[in-house]
Amino acid sequence: MKALFITITELKRKSIIDGNLDPDKIIQFIELAQDTNIQMQLGTKLYEKLQNDIINDTLSGNYQTLVDEYIKPMLIWYTQASYIPFAAFTISNGGVYKHNSENSISAEMSEINMLVRQATDKAEFYTNRFIDHMA
């Protein structure tokens with residue numbers, strides 16, 4: 001079993017991700033960001049300890065503070081950076097589809113890249129804050 005360090009509700013409340021987004025569309029991006037970005041920063045031992053504490057509902061004290069104050073902000077921004085390039089697409093039996101609403105305009109690739117850069121910059125800010133805290 002794997003524990004996520006943020007909930008979908010926390011992600012939606014503290015990001016540009018719409019509150020109505022289907023959780024199934026975003027959950028794998030939380031896990032991806034956690035596996036590829038957060039674990040790399042924490043190291044395997046601390047990552048596994050926090051995972052076990054969350055699963056066993058024993059997260060407390062300094063470890064709770066570490067998750068709440070440092071890891072969650074990093075993960076929220078890394079998740080957005082991971083999700084944004086894929087947000088407009090769905091893959092189904094018929095192929096790959098790009099969503100298009102009649103009341104909106106699709107973002108240009110340069111705008112999408114800017115959003116990814118901005119989200120990554122914010123994630124790196126929180127990562128540096130975490131690193132400074134751990135030093």
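Mentor: Contact here means heavy atoms within 4.5 Å. Among contacts between residues at least 6 apart in sequence, 70% join residues at least 24 apart.

Trainee: Where do these coordinates come from?

Mentor: This is a predicted model, where local features need pLDDT of at least 70 and side-chain atom pairs count only at pLDDT 80 or more, while totals for chains, interfaces and linings use all residues. Residues are numbered from 1 along each chain as its sequence is written, and side-chain values use heavy atoms, with hydrogens and water left out.

Trainee: OK. How many helices and strands does the chain have?

Mentor: Five helices and two strands, taken as DSSP runs (H or I, at least four residues, for helices; E, at least two, for strands) and numbered from the N terminus. Along the sequence the pattern reads α-α-α-α-β-β-α.

Trainee: And what box do the C-alpha atoms fill?

Mentor: Roughly 50 × 30 × 25 Å along the principal axes. Of the 135 residues, 34% count as buried, that is, under 20% relative accessible area with a 1.4 Å probe, protein chains only.

Trainee: Which residues of α2 are buried?

Mentor: I26, F29, I30, A33, Q34, N37, I38 and L42. Those buried residues pack against α1 (8-13), α3, α4 (61-83) and α5 (109-134).

Trainee: Where is the kink in α2 centred?

Mentor: On Q34, with a kink of about 35°. The bend is the angle between axes fitted to the seven residues ending there and the seven starting there. Q34 is also among the buried residues of α2.

Trainee: How do α2 and α3 cross?

Mentor: Helix α2 spans residues 23-42 and helix α3 spans residues 44-55; their axes come within 6 Å and cross at roughly 115°. That makes the two roughly perpendicular, a label for angles of 65 to 115 degrees. Angles run from 0 to 180 degrees between N-to-C directions.

Trainee: Which residues meet there?

Mentor: From α2, Q34, D35, Q39 and L42; from α3, T44, L46, Y47, L50 and Q51.

Trainee: Switching topic. At what angle do α4 and α5 pack?

Mentor: About 155°, with the axes 8 Å apart. The pair is therefore roughly antiparallel, meaning over 145 degrees.

Trainee: Which residues of α4 meet α5?

Mentor: L66, E69, Y70, P73, M74, W77, Y78, Q80 and A81. On the α5 side the list includes V116, A119, A123, Y126, F130 and M134, as well as K122, E124 and R129.

Technical notes
Angles under 35 degrees count as roughly parallel, over 145 as roughly antiparallel, 65 to 115 as roughly perpendicular and the rest as oblique. Buried means under 20% relative accessible area, exposed over 50%, partly exposed in between (1.4 Å probe, protein chains only).
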